[in-house]
Amino acid sequence: MGTVTGLTCVVCGGAAPPSALWCPACGPEGTLDVAYDLDAARAALERDLATLPPGLWRYRALLPVLDDGPRAPLVVGPTPLVRAPADRAPGGLTRLVIKDEGRNPTASFKDRATSVAVARALERGAPGLLCASTGNAASSLAGFCAAAGLRSVILVPAAAPRPKLAQLMVYGATLLPVRGTYDQAFDLSLAAAPHLGLDLRSTGVNPYLGEGKKTAALELAEQLGWDLPEWVAVSVGDGCIIGGLHKGFVDLWRMGKLPRVPRLLGVQAEGSAALHDAWARGLDRPEPASGKTLADSISVSIPRDARKALRAVRDSGGRFVTVSDDEILEAQRLTARSTGVFTEPAGAAAVAGLVKLARAGDLDPEAPCVALCTGSGLKDAEAAFKAGGAPPDPVEPTLEAVLARLGV
Ligand SMILES: [Zn+2]
């Protein structure tokens, strides 16, 4: 916390008070960056890298938390890097590296942001947190609040995949399924927060969440020996993850830890491509999309962290690409069958985006690249059956029937 110097607006560059959710002058579009004294942070980071155990808190010098403040007792990261055999790699991407974020405590990337949000709530003695989510941020918040002894109040679309709802119920969250879309749940969370006295963990509007998300970039850079490939791909819904990754790479580059910032590939589903379309048209403010895709984690009509997402792609020399639901399911199947990583559709979308670029001749299939797979495939069993196929009819419990089914 000693290295945080303030909050600045991504639209006007103005300063905001530490408790602000967005820029007082620009409103919700003016999302906020957390600024650090990077000279002090670099010295602290080098010390911590040499002395602290693996996991997210070894990057505390670049996080908005007290050095030794209270935290939920769950270990986040390091998540494994997994490589496919060159002869079976998805889309022939022979040097593809998958960062398997489904291996976090509640099985998604969202645990990184939640760690920071819960640590800050504990520091200031808040009774709990409120969030709207498509599912993963909700189950993450519920799990971390359970571990920290805090209350969690969760607004999710009633149509969220049932395994995610099951996590919420088991963790003991106060669950309000909303008869409506994620976007409606999000607006309700903003309206309800002042009435409840809870910290807000809805994406985009809490500037400290992106700081947690950036730890994936810091961790990836350390795991690869501070030598990153040209392309890092991630799926995009609200835009908070890609914005957080970019912030992490930029912090490291400004500190002299990286020679350059990798190019970020933002992958959106065809039916939920508001940020892709804004990027393609050179706009700063996306038009609402339908939000229709089976990849529920990136099913977003109105992206809440649009400015940071567009900045991440433009400033890194990256690009957006859209993929169909069928391409997502193909990538889910190919990733599982070549690497053993069972990722949910939104996680597979990152792989699908790289495969699409390679097939179009826009990416050398032998170039090193990273796909961030953001959640476990167990989060959405119905989508997994669409990717892998329905189980076959049962066989009779006899050896003859088993051998006959196997063609022996
Ligand atoms: Zn502003």
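1. A residue is called buried if 20 or more other C-beta atoms lie within 10 Å of its own, exposed if 12 or fewer, and partly exposed in between, with C-beta atoms placed from the backbone. This is a predicted model: local features need pLDDT of at least 70, side-chain atom pairs count only at pLDDT 80 or more, and totals for chains, interfaces and linings use all residues. Residues are numbered from 1 along each chain as its sequence is written. Helices (H or I, at least four residues) and strands (E, at least two) are DSSP runs, numbered from the N terminus.

2. Helix α3 covers residues 136-148, and its 13 residues reach 18 Å from first C-alpha to last, close to the 18 Å expected at 1.5 Å a residue; the expected span is 1.5 Å times one less than the number of residues. Eleven of the 13 residues are buried, among them Leu141, Phe144 and Cys145. The cover over the buried residues includes α2 (111-123), β6 (128-132), β7 (151-157) and α4 (162-171), where contact means C-beta atoms, placed from the backbone, within 7 Å. Glycine 149 follows α3 and has a positive phi, near 75 degrees.

3. Helix α10 (residues 306-315) is also mostly covered, with eight of its ten residues buried. The buried set includes the charged residues Arg307, Lys308 and Arg311. Packed against the buried residues of α10 are α6 (209-213), α8 (240-254), β11 (263-269), α9 (274-281) and β12 (319-323).

4. How do α11 and α13 pack? Helix α11 (residues 325-339) meets helix α13 (residues 381-388) at an angle of about 85 degrees, with the axes 8 Å apart. Axes are lines fitted to C-alpha atoms, for helices over the stretch in contact, and angles run from 0 to 180 degrees between N-to-C directions. The two helices are therefore roughly perpendicular, the class for 65 to 115 degrees. On the α11 side the contact uses Leu329, Gln332 and Arg333, and on the α13 side Lys386, Ala387 and Gly388. These residues divide into two nonpolar, two polar and two charged, with Gly counted as polar.

5. Three strands form an open sheet in the order β2-β1-β3, with antiparallel pairing; strands pair if DSSP finds at least two bridges between them. Strand β1 (residues 4-9) pairs with β3 over five bridges, and cysteine 9 stands opposite leucine 32 in β3.

How values were computed
Contact = placed C-beta atoms within 7 Å. Parallel < 35°, antiparallel > 145°, perpendicular 65-115°, else oblique.
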